[in-house]
Amino acid sequence: MRWLRRLLGSKRVQLDPERQQELLRDVRHRYGAGSPVRFPEQVEAITRMLDDDDGLMVAARMVCEAADEAHTDLQAQAHDVHRRTGRRLLVHRRNYRPLWKEAGAALRWPLIALPSGLHPYAQVTAAVAVVGSHAPRLGRVTDPAPLLTRVFEVLDLTVIGCEYGQVRVDTDAAALADRLISTAGQVLAAIDDPPRLPPPVREVMRRNNTLAVHDPTGPHVVGGINLGARMRETLLA
């Protein structure tokens with residue numbers, strides 16, 4: 001694999017698995033929905049904690065964990081729908097949009113209640129930001145291609161939540177979506193042979209809808225986000 005040849009041919013990166021476990025435990029237990037600190041400040045604090053190669057590995061692990069747990073949750077939801085109604089739902093990780101178009105009203109947004117305790121607007125947003133800001137170093141510590149797949153998967157779920165009304169589009173949700181798009185572009189730029197953009201991204205890029213962005217503490221609209229335009233300017237550059 002090209003990334004492995006690059007890793008073996010470059011200056012060796014010294015990683016500390018024990019420190020990574022400590023960082024992961026700290027990030028999980030100190031931050032999230034139970035913290036009195038606002039999500040933007042939590043994201044800033046976590047990104048400072050993960051600002052080295054061990055932190056990058058922890059961030060990559062959290063992104064993958066969020067994607068894996070969300071997929072497992074959706075499979076369980078689809079199984080429950082079939083058990084109760086006899087209706088079979090297909091859960092495809094590469095594109096969740098057909099699932100939501102068919103049965104969105106019967107499903108809950110999986111990122112909001114991950115078993116690991118990771119919160120989408122705290123740990124996940126921070127992890128995505130760390131992966132993006134350190135994208136040029138990814139090939140020195142891990143294979144960036146599978147990680148990019150998980151970034152796109154979390155992006156798909158985030159956009160679905162915003163578009164189908166299951167997620168209130170406030171500044172925290174918009175920040176997650178924006179960071180996912182930015183990070184996908186940064187990781188794409190760091191890969192020698194980038195893959196084709198996945199179907200849900202291509203579908204959203206064909207649109208030009210602006211979603212109202214609300215204050216997280218009240219009903220006021222404070223801005224807007226055009227996800228299709230943001231993806232086009234970032235992922236087609």
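Colleague: A pocket is, on a 1 Å grid over the protein atoms alone, an open set of points with protein on both sides within 12 Å along at least five of seven lines. What space lies in the largest pocket?
Modeller: This is a predicted model, in which local features need pLDDT of at least 70 and side-chain atom pairs count only at pLDDT 80 or more, while totals for chains, interfaces and linings use all residues. Residues are numbered from 1 along each chain as its sequence is written, and side-chain values use heavy atoms, without hydrogens or water. With grid points joined across faces, edges and corners, and volume taken as the space filled by probe spheres set on them, the largest pocket holds about 200 Å³.

Colleague: What is the volume of the largest cavity, where a 1.4 Å probe fits but cannot get out?
Modeller: The count comes to one cavity of 30 Å³ or more. Its lining is made by Arg-97, Phe-152, Leu-155, Asp-156, Val-159, Pro-200, Val-201, Val-204 and Met-231, with helix H8 (144-163) and helix H10 (199-205) each giving two or more residues. H8 has the largest share, four residues, and the lining divides into seven nonpolar, no polar and two charged residues. The largest cavity has a volume of about 40 Å³.

Colleague: Are H6 and H9 roughly parallel or roughly antiparallel to each other?
Modeller: The axes, lines fitted to C-alpha atoms over the stretch in contact, come within 8 Å for H6 and helix H9 (residues 171-190) and cross at roughly 25°. Angles run from 0 to 180 degrees between N-to-C directions, and those under 35 degrees count as roughly parallel, over 145 as roughly antiparallel, 65 to 115 as roughly perpendicular and the rest as oblique. H6 and H9 are therefore roughly parallel.

Colleague: Is the crossing of H3 and H6 left-handed or right-handed?
Modeller: The axes of helix H3 (residues 39-49) and helix H6 (residues 120-133) come within 8 Å and cross at roughly 45°, so the two helices are oblique to each other. A crossing is left-handed if the near helix is turned anticlockwise from the far one by less than a right angle, and right-handed if clockwise. The crossing of H6 and H9 is left-handed, whereas that of H3 and H6 is right-handed.

Note on methods. 1 Å grid on protein atoms, 1.4 Å probe; cavity = no way out; pocket = protein on both sides within 12 Å on 5 of 7 lines; lining within 4 Å. Nonpolar A, V, L, I, M, F, W, Y, C, P; charged D, E, K, R; others polar.
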